[in-house]
Amino acid sequence: MGTLKEYRVELPISVENYRIAQLYTVTEASMNETGGGEGIEVVKNEPYVEGKGEFGNDVTEPGQYTLKIMHLKSKVPQWIVKLAPEGALEVHEEAWNAYPYCKTVYTNPYMGENFHVIIKTWHKEGPSSRHSNVHELNESELAKREVIDIDIAAEKKLVGPHDYKEDEDPLLVRSEKANCGPLTPDWNKGASDTTKDGYPMMTCYKLYDVRFKWCLLQTVVESEIGKAVYRLLRNFHRQMFCWMDRWYGLTLDDIRRIEDETKDKLDKMRNEGEVKGMKCG
């Protein structure tokens, strides 16, 4: 059972630059979501030669392995908080980043094999229409898959009052370093490797395999996870674009240094202050 959803995010960024942009935005977003006893705990962040473990055996290309623990009590609907036993709202994230391919797996120690979210991501040049089956799904998987397009330049009313910020609106923000933006509502119309305004064009194809096997709650919780994923990916990539002047021109060595500094900050922030970030609203 479970659900299979492929989220496609088009961006006016080159595939090469997206690697830096994604890693930088993850570090910033992690700090924005950490405080008051909740947030992100980085356990491991190290190179690997080949994937290992229950979920990493099929990752054959070398890359960067991360293990994080996510403390999430205020990030889920309150009715789940009331039902869940103490300690059940802790999610482990393992990731094998063999860019331009990445695999990320979320598990929960309490639920064991009854819960997982497996994410397989390809980053490809061009618009989302270029690849109809980038993950090479079989016929039964294709019949089950739901494709969802995410527009980073959605209007304010479509983003909603809980998430909208003027300084994170691609329709308003311009990058001076990259000479990019603000975007227009139809910025991604076309079928070439560049946008109609001449920016690079790429797409993230993120395939989410979600399983939540809990008596009477499976359908509802899987639906809630789907809504949360859409919101997270939309907000994350809007931030990525609007923070372009922060990450544009950074090297991978710069990113590794920032990640090391961020780990120490997260350890301190998680144990003090108030709960921060995107709560369930």
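Visitor: What makes W247 count as buried?

Guide: The model is predicted, and in it W247 has a relative accessible area of 2%. Buried means under 20%, so W247 is buried.

Visitor: Why is Y248 called partly exposed?

Guide: Its relative accessibility is 33%. Buried means under 20% and exposed means over 50%, with partly exposed in between, so Y248 counts as partly exposed.

Visitor: Why is the pair of W247 and Y248 called tilted?

Guide: The ring centres are 6.1 Å apart, and rings pair if their centres lie within 6.5 Å. The planes are at 50°. Under 30 degrees would be stacked and over 60 edge-to-face, so this pair is tilted.

Visitor: How many aromatic pairs does a search of the whole structure find?

Guide: Five. One of them is F115 with F212.

Visitor: What makes the pair of F115 and F212 edge-to-face?

Guide: Their planes stand at 75°, and over 60 degrees counts as edge-to-face. The ring centres are 6.2 Å apart.

Visitor: Are F115 and F212 buried or exposed?

Guide: F115 has 9% relative accessibility and F212 has 7%. Buried means under 20%, so F115 is buried, and F212 is buried as well.

Visitor: Why is α1 called roughly parallel to α7?

Guide: Their axes cross at roughly 10° and come within 9 Å. Angles under 35 degrees count as roughly parallel, so α1 is roughly parallel to α7.

Conventions:
Residues numbered from 1 in each chain as written. Predicted model: local features only at pLDDT ≥ 70, side-chain atom pairs only at ≥ 80, totals over all residues. Heavy atoms only, no water. Axes fitted to C-alpha atoms, helices over the stretch in contact; angles between N-to-C directions. Helix = DSSP H or I, 4+ residues; strand = E, 2+ residues; numbered from the N terminus. Parallel < 35°, antiparallel > 145°, perpendicular 65-115°, else oblique. Phe/Tyr/Trp six-rings, centres within 6.5 Å; stacked < 30°, edge-to-face > 60°. Buried < 20%, exposed > 50% of the residue type's maximum accessible area, 1.4 Å probe, protein only.
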